[in-house]
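Please write a short report on this structure.

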Amino acid sequence: MIWLTWRQHRAVLVTTAVLAAVAVVPWASGWLDLIQEVIRWAFAGVVAVFWGAPLLAREFEERTYFLAWGQDVSPLSWFLGKSLVLCGAFSLLTLLIEPGQVGYSLLGFAVGVLSGLIVRRTVAAMAATALVFVALRINLGPVASAVLGAALFVVTVTMLRHVARTRPRGTADGTPAPAGFGWWTRFRATRRVRLSWFRDA
Amino acid sequence: MVEFRVDRASGLPAYLQLGRQVREAVRLGRLRPGDRLPTVRDVVATSGVNANTVLKAYRELELAGLVEARQGSGTYVKATLGTAAPEVLEELRGKFAKWVIEARAAGLEAEDIDALVRAVLSGGPDGA
Amino acid sequence: MTVRVENVSKWALHHCSFELPAGSVTALVGANGAGKTTLLNILAGHLPADFGHVAVAGRVAFVPQDKPMYKGFTPLDVLKFGGHMNKVWDEYRAHSWLHRYRVPLKLRCGDLSGGQRAHVAFALALGSRPDVLLLDEPLAELDPLARRKVVRDLLAEVADTGMTLLYSTHVVAELGGVADRLLLLSDGKLLVDGDTDELLGEHLEIVGPAADEPPVAGEVVLARHQQRQSSFVVRCPESAVVEEPWTARPVTLEELVVAHLEAAA
Amino acid sequence: MKAMVWLTWRQHRWVLLSTAVLALIASSLLVAVDLTESPGRSVPLPAFYAVLLQTAFGAVIGMFWGAPLVAREFEERTHLVAWGQDVTPQRWLAGKVGVLAVFALVLAVLMGQGDGFRGYQDGASWALFEAHPLVQAGYVLLGLALGVLFGLLARHTLTAMAFTLAAYVGVRMLLALGWREHYLPAERAVAPVREAASVPKGAEIVASGYLGGDGEPMAVPDICARLSRPAACIAANGGTDSYVDYQPVERVFGFQVTEFLVCFLLALGLFVLAHERIRRGWRPSRTHRRLA
């Protein structure tokens, strides 16, 4: 999972790391102080919008989830593995620049991932994430944020299990497994979703 | 009316295949003088052959004197093929059928007969 | 001439030159990575050539291999798009193509099957009444039945409008009678460029006793030698006569293409 | 023209509509709070969000309108469709950017209404410099142009959005902290060294310090800097007057116009770059080289 996560997200990882480095290095100029201030304040937002939101939305949009979830690694462990690696990475970066913000970063990531799963389109998910995150960020303290983030993450995992189960799997004796559309898919079962689902399955 | 069919895997250029099919139809009496050949557009739409190929085939037939293009109305069959009268043709066919039965009795397969006929036609050592 | 390519080089392509007469149907054949898509992209104006130049008389329409289309548009939107974005637009032609292949007009293109999306792309290209139509692997997504129908209909469009059609394909077996010209690319070099009928007439497979040279004068495309037998694919004048003990046989388009590709490899 | 309006609307209607709804809500909040709140009261939260959006509106337009405009076409390879028609790529770009710019300008005017919780009743103030239709107009044009150019260069939506955000924040900070105070030379208020120079109400202070005998600002000697009331020390070291450089509040409108012009020219330059890039990279596909 570490390799896959690095391979798929290295650009955004490196860019964010550079951003964090800019925020951490003590510059002589007073000018950069303000930039550092902005980065510190907005870092959790960057994690939310650029790390969280595209994680699932991109897979849906590019239809690569058939690839990602068609391997022996189950969708759930795929998701957990990726999240673990990314959470570790951004927590480390956040600790470096502003330890108090870790809770916000966690919340941002969770909001991003969940909106990606619901909206399923990268740009729209990013916009939704930005809106929701700003609203939450202003109103919540770091601890409450971390708790809410964890809760949202659990919600995401539950939803993902339902969505991923809609992949028809045969059983060993050749009888096809029930299509098993989860409540979530049924909820979203607009004409569009149903059609694309049937065609690709 | 003829319906053209092109064997795409054949080494014979498509326009020659078309020409051959017209000749065959004329020979077998399916096309008679005065009959109109299908328009180029029709052949393209029904047989999936390039219009240039059809035009080329029709031009060859025209040069051979078998068909004529009438301005604005299409291509018509002009002449018949083969000089033999129908009854002569019938007699020859009967004889040949008898010969084929003989050949089969002698143990020849269809392929062998085919080879033999080809050899005779191309003027090989056993030919005329 | 509606299409002229002079000494064009770009990436895999090396100094390609050819011309296509108006109203011709040309098949562009070559192995994967031979440069077919690059060539079509250059002709469509989406890539500038590094060297040499390309001239196209009139308006070009290009349908890429993956048939990109706005996912959120319905086929009706695509027709509207074509109407808005083109100086010449034949709504009837585009619409009847979609109708003929029963493409649902009110579904989003993202929800259509690969074949249906291909038809939307064809309809857009044909509706703009191009003088030159470039198709990259047009038949790849289609089932065998639809392939025949599409080929027939495309040829009918060519016959009706007199446009020039250049398409790339892997399926050489389906070329006979369809393409009147053949362009064979290998590793970016143009191996064969000519009228398919003439090419078929010129190429012979000659088989006979072991020998270094074929019994007729001409360009040896491919020579195979076994202990007691040699076979040659030779490009020679159509009037060439082969004497005993050699036997000659016309080659099919597929054999011709394979022989050239094998010789180039 | 009609074609490009249709196409732009058809392709971007959802993002246009949602941004419009957002702007409508925000601007009505800004205006409502502006009328009802008196200065000094605590900030009503919705108004705070509205002000946040007012500050960030140009970035929103750049990221969600500008950056995906070309980048998405590349990503989905539909640029082959869009630029394979009779409408040339340059005209396609100009048309789309034009239509989006007009729409963005309308929303900018909306966003420039009202000043939210800052609650200044009497028009101009440095603190609500952004709360003006003209300034917002400049910002959305700048954001849009940045987004389009980065989309064209990056060919990848996410990357383009990130670069747009970074560049937009950079330019805005450069304007707010570096350039803005130099649009006009600052006024200087001078007072005897032991007194504080008086500055007109509402003025933005650019710099302050002491003047030496030659009437030029002097460096404060180290020994004086450590003192809590350095005036006497300064006077002893040759300081004659104290001064404050400021931009009077009457200049706000002029500066807002200047800020708009700066952003507009920047945007224009960026758009010309994008236009040139597309013109060089893609010949008009349909008739790129006619045979004589």
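Chain C has an accessible surface of about 10600 Å², and 50% of that belongs to carbon and sulfur atoms. Accessible areas come from the Shrake-Rupley method with a 1.4 Å probe, and for residues only the protein chains shown count as cover. This is a predicted model: local features need pLDDT of at least 70, side-chain atom pairs count only at pLDDT 80 or more, and totals for chains, interfaces and linings use all residues. Residues are numbered from 1 along each chain as its sequence is written, chains are lettered from A and ligands numbered from 1 in the order in which they are written, and side-chain values use heavy atoms, with hydrogens and water left out.

**Chain C**

Along the principal axes, the C-alpha atoms of chain C fill a box of roughly 65 × 40 × 30 Å. Chain C holds seven helices and 13 strands. These are DSSP runs numbered from the N terminus: helices are H or I with at least four residues, strands are E with at least two. Of the 265 residues in chain C, 57% are buried. Buried means under 20% relative accessible area, exposed means over 50%, and partly exposed is in between (1.4 Å probe, protein chains only). Contacts are heavy atoms within 4.5 Å. Among contacts in chain C between residues at least 6 apart in sequence, 68% join residues at least 24 apart.

C:L40 sits in helix α1 (residues 36-44) of chain C. Its relative accessibility is 0%, so C:L40 counts as buried. Leaving aside neighbours within four places in sequence, C:L40 contacts C:L28, C:F62, C:L134, C:L135, C:D136, C:L166 and C:S168. C:Q227 is 187 residues from C:L40 in sequence and 45 Å away in space, C-alpha to C-alpha.

**Chain B**

B:Q17 belongs to helix α1 (residues 14-27) of chain B. With 8% relative accessibility, B:Q17 is buried. A polar atom of the B:Q17 side chain lies 2.8 Å from the backbone nitrogen of B:D7. B:Q17 also touches B:R5, B:V6, B:S10 and B:L12, among others, not counting residues up to four places away in sequence.

**Cysteines**

The structure holds one disulfide over all chains. A disulfide is counted when two cysteine sulfur atoms lie within 2.5 Å. D:C224 and D:C233 form a disulfide, with sulfur atoms 1.8 Å apart. The torsion about their S-S bond is about -70°, so the disulfide is left-handed.

| Cysteine | Relative accessible area | State |
|---|---|---|
| D:C224 | 0% | buried |
| D:C233 | 14% | buried |
| A:C87 | 16% | buried |
| C:C109 | 0% | buried |

**Surface of chain D**

D:F264, D:L265, D:L268 and D:V272 form a nonpolar surface patch, with about 340 Å² of accessible area together. Patch residues have over 30% relative accessible area and no salt bridge; like charges are joined within 9 Å, nonpolar side chains (Val, Leu, Ile, Met, Phe, Trp, Tyr) within 5 Å. A salt bridge is a side-chain nitrogen of Lys or Arg within 4 Å of a carboxyl oxygen of Asp or Glu. D:V272 lies in helix α9 (residues 252-281) of chain D. D:V272 is partly exposed, at 44% relative accessible area.

**Between chains**

Four pairs of chains are in contact, and chains C and D share the most contacts. Chains A and B do not touch, and their nearest C-alpha atoms are 31 Å apart. Chains B and D have no contact either; their closest C-alpha atoms lie 23 Å apart.

Note on methods: A polar contact is a pair of N or O atoms within 3.5 Å; within protein, one must be able to donate a hydrogen and the other to accept it, and residues adjacent in sequence count only if both atoms are side-chain atoms.
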